[in-house]
Amino acid sequence: MTVGEMAERVEISHRTVRYYDDEGLLPARRSAGNYRLYGEDALARMMTIRRLKPLGFTLEEMRKVLALLDAASAPSSATDPDRPQLLERLVELEADVRQRREKLEEHVAGADEIIASLRPLLP
DNA sequence: GTTCTAACA
DNA sequence: TGTTAGTA
């Protein structure tokens, strides 16, 4: 698929999809006419990126997360001599995401308080 | 009409 | 990140 379709399917602006390519976060293949081309695999990665973004991950951090996920999913992962290291990093990532999730809940609680404070002011 | 790059806001 | 300009 081209940028336009990718952007539409993941609900991210085409401008941002191109940006991710330029930044090497999710490199695209190129057609003969130099158009960016993406496969279903790329769509899955884009969705992962979309989920990471609101958690506050920087592009650099997302790059590392994607690389870790790739390494962990690779067929050779099972026999990788550094499997323990890999698993350790996955555990750390989970803890990190859990922590960010908590922060998000605090934000939601804050929003609820604002809403509650508005209630008595409204007709 | 869509995509591309570059540049400005 | 949105938008605009000039192309392919």
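A polar contact is a pair of N or O atoms within 3.5 Å; within protein, one atom must be able to donate a hydrogen and the other to accept it, and residues adjacent in sequence count only if both atoms are side-chain atoms. In this predicted model, local features need pLDDT of at least 70 and side-chain atom pairs count only at pLDDT 80 or more, whereas totals for chains, interfaces and linings use all residues. Residues are numbered from 1 along each chain as its sequence is written, chains are lettered from A and ligands numbered from 1 in the order in which they are written, and side-chain values use heavy atoms, with hydrogens and water left out.

In the side chain of Arg 18, an N or O atom lies 2.6 Å from a phosphate oxygen of DNA strand B. Gly 4 contributes through its backbone, with an N or O atom 2.9 Å from a phosphate oxygen of DNA strand B.

Of the atoms of DNA strand B that come within 4 Å of the protein, 87% belong to sugar and phosphate. This surface comprises 2 nonpolar, 3 polar and 4 charged residues (Ala, Val, Leu, Ile, Met, Phe, Trp, Tyr, Cys and Pro count as nonpolar, Asp, Glu, Lys and Arg as charged, and the others, Gly among them, as polar).

The axes of α1 and α2 come within 8 Å and cross at roughly 110°; axes are lines fitted to C-alpha atoms, for helices over the stretch in contact, and angles run from 0 to 180 degrees between N-to-C directions. Helix α1 is therefore roughly perpendicular to α2 (angles under 35 degrees count as roughly parallel, over 145 as roughly antiparallel, 65 to 115 as roughly perpendicular and the rest as oblique). Val 3, Met 6 and Ala 7 of α1 meet His 14, Val 17 and Arg 18 of α2, contact meaning heavy atoms within 4.5 Å. These residues divide into 4 nonpolar, 1 polar and 1 charged.

Key. Near = heavy atom within 4 Å. Helix = DSSP H or I, 4+ residues; strand = E, 2+ residues; numbered from the N terminus.
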